[in-house]
Structure formats: C-alpha cells, structure tokens
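Below are some notes for a first reading of this structure. Please keep the model open while going through the points.

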Amino acid sequence: MTERLLPLRAWESEETRAILRRRDIAALFRVFSAHGVSQSRIGAAIDMTQARVSEISNGSRAVSAMTVYERIADGLGMPDTARMLFGLAPRHPAGLDHLGASGRAEIVQVYPSQSAAANEIRASAAHADSLDVLAVRGLGLLGMNDSLLRDAVREGRMKLRLLLLDPDSPAAERRAEEIGESPESFAAGIRLAIARIRELVATGDVELYVYDGLPIWRVIAIDGLMYVSAFDSDWEGHSSAMYKLAPTPYGALHRGLIRQFEELRRGAHRLL
C-alpha cells in the first residue's frame, strides 16, 4: 500500500487543486516540502533521485512524459479526486463496478496535453472516413498550414463536420476575457480559421457551423474514436489533459459527448 505523504485536506485545498489542473510538478513538490516532506523522501516514493526532484522543483527540468506523471501520482499517493484534476483516470472509480470491464474501458488512454497525442491523432486522421471536430477557433486544428488535422483533410476524402464558436456571440467575448485576449483579436482568430477552412472545400466534404454557447468541451472524433479535452477559465483546449474515448456498450461519456455534438450542430448556424 502506498504511503500517504500528504494529508487529504492538503490535496483538497484550492491551491493544490489549481496546481493539479496546471500539472505544475514543481509547485506540487513545493507543497510537499511545505508539509515537511523532504526531497529525498519524495524521490524515494516516485523512484527518482533527490537531485532530479531538486531540478524539477527549481524549474531547471520539466516533466512531460505520461509515464512520469503516472509514477508521480502513484508514488505520492494521489487520491482519485486529485488524479482526475491532474488529467489521469481514477484508480478506484466508485459506482462503476456494475458496468463491467467493457463499460469502464471507454477511457482507453489519458495524455497530459494535445501535443502528447499529436502523432497518434495525425496517423489516425490520415486514413479516416469521417472527422467531427468541436472547437473554439480551430486554428491549431485546421486553420493554419501546420495545423494538426489540416493535411489529413486536404489530402483525404473524408467527411468533415466542424463546429466553431460564433465570433459575434457574447460567448466569444466571455471566452476572450477568460484567456486574457481582446474580443477583437479573439474574434479575428475565429474569422481567420473560417476563411482558411473554406479553402478545404475543394478537396473534401466539409460542413462548417458556428455555435453561440460558452465552450466547455473540445472534441476530435475520428471514425467514432474520440480525443476529448476541456476549455477551462485558466487554460486553452490544447493545453488541457486529453482523454481517448472508445465506444463501448455502456460508455456514458462517449455517448453523452456524441449527443452534445449533434445537439450543438442542430442549433448552430451553418456556414458551409
């Protein structure tokens, strides 16, 4: 059984919760130090040298590998509520035993950010028949020459359905404020993406819509396999943890997100 180095109340503090959302390992180590846990003890718990813990704590070394995130969470005895804020699946998902393995397995992988899943997403999209995307601006996904999905759409013959935030909506102004941009520059980014996506019509079957609600989920669905992240007030979708969801007989997350996508599409304004 993993030793609990930090009291539960410390995991539940607003400061620690914010650190977990940012996946700020340096700040997390400092929380442990503030509770009297030495760097040597942290290192022993997560199979890391004291020197490496020190480098991470002072910012001279960063953590990016998913395996290291998992090892840190396991070694530090991170409770499930903290694991989920940290972008990891819970170890003991309460109330899901009745679903069996097929129901729980809809979350097949967790990535610390979009960049960690980028190669896999590109490879999957290159051979896809259908691509559904729910985003805000979509510049990093489709609007620029080096965007994550642009080559796959431009070179393939897939059906693309894309939902972007309406640049003229109150929700666009609110989102701009959340991430510290002016409404004008934020809306201009969406319009640029729309203009660049119009260029793709000649090479594929493209449907483009704009919706007017506050963005919460960011979805890339490739032939039904979903890569899902979130838009929080503190971060953009590409920097959020990303969950890979597969359709399963009792998979509530996958089904719910499909339904949300379809409902948003029905209420959205179609541009292409």
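1. Start with S57. S57 touches A26, F29, R30 and Q39, not counting residues up to four places away in sequence; contact here means heavy atoms within 4.5 Å. The place of S57 is in helix α5, where helices (H or I, at least four residues) and strands (E, at least two) are DSSP runs, numbered from the N terminus. With a relative accessible area of 13%, S57 is buried. The terms are set as follows: buried is under 20% relative accessible area, exposed is over 50%, and partly exposed is in between, with a 1.4 Å probe and protein chains only. The side chain of S57 also reaches the backbone oxygen of V53 at 2.9 Å. That is a polar contact, a pair of N or O atoms within 3.5 Å; within protein, one must be able to donate a hydrogen and the other to accept it, and residues adjacent in sequence count only if both atoms are side-chain atoms.

2. A word on the source. This is a predicted model, in which local features need pLDDT of at least 70 and side-chain atom pairs count only at pLDDT 80 or more, while totals for chains, interfaces and linings use all residues. Residues are numbered from 1 along each chain as its sequence is written, and side-chain values use heavy atoms, with hydrogens and water left out.

3. Why is helix α3 largely enclosed by the rest of the structure? Seven of the ten residues of α3 (residues 25-34) are buried, so the helix is largely enclosed. The buried ones are I25, A26, A27, L28, F29, V31 and F32. They pack against α1 (8-11), α2 (14-22), α4 (39-46), α5 (50-57) and α6 (66-75).

4. Look at both ends of α3. At its start, a side-chain oxygen of D24 comes to within 3.4 Å of the backbone nitrogen of A26. Just after the helix, G36 has a positive phi of about 80°.

5. Which residues touch the most other members of the largest nonpolar core? Of its 51 residues, they are I121, L131, L142, L149 and I220. A nonpolar core is a set of buried Ala, Val, Leu, Ile, Met, Phe, Trp, Tyr and Cys residues joined through side-chain atoms within 4.5 Å. In soluble globular proteins, nonpolar side chains tend to be buried together. Leaving aside neighbours within four places in sequence, L149 is in contact with I121, A125, L131, V133, L141, L142 and I220.

6. Strand β1 (residues 107-111) pairs with β7 in the antiparallel sense over four bridges. Strand β6 (residues 225-230) also runs antiparallel to β7, joined by three bridges. Two strands pair if DSSP finds at least two bridges between them. Y243 in β7 is the bridge partner of V110 and also of V228.

7. How many salt bridges does the structure hold? There are 21, a salt bridge being a side-chain nitrogen of Lys or Arg within 4 Å of a carboxyl oxygen of Asp or Glu. One of them joins R83 and E70 (3.2 Å, N to O). This pair links distant parts of the chain, with R83 in helix α7 (residues 80-85) and E70 in helix α6, 13 residues apart. R83 is buried at 2% relative accessible area, whereas E70 is partly exposed at 25%.

8. E178 and R175 meet in a salt bridge (2.8 Å, N to O). Both lie in helix α12 (residues 170-178), three residues apart, about one turn of the helix. E178 is partly exposed, with a relative accessible area of 26%, while R175 is buried at 0%.

9. Another salt bridge joins E263 and R266, with the closest N and O atoms 2.7 Å apart. Because they are three residues apart in helix α14 (residues 252-267), about one helical turn separates them. E263 is partly exposed at 45% relative accessible area, and R266 is exposed at 56%. Salt bridges that share partners also join D132, R161, E262 and R265 into one network.

10. Last, find A89 in the loop between α7 and α8 (100-104). A89 is partly exposed, at 27% relative accessibility. Leaving aside neighbours within four places in sequence, A89 is in contact with R83 and V110.
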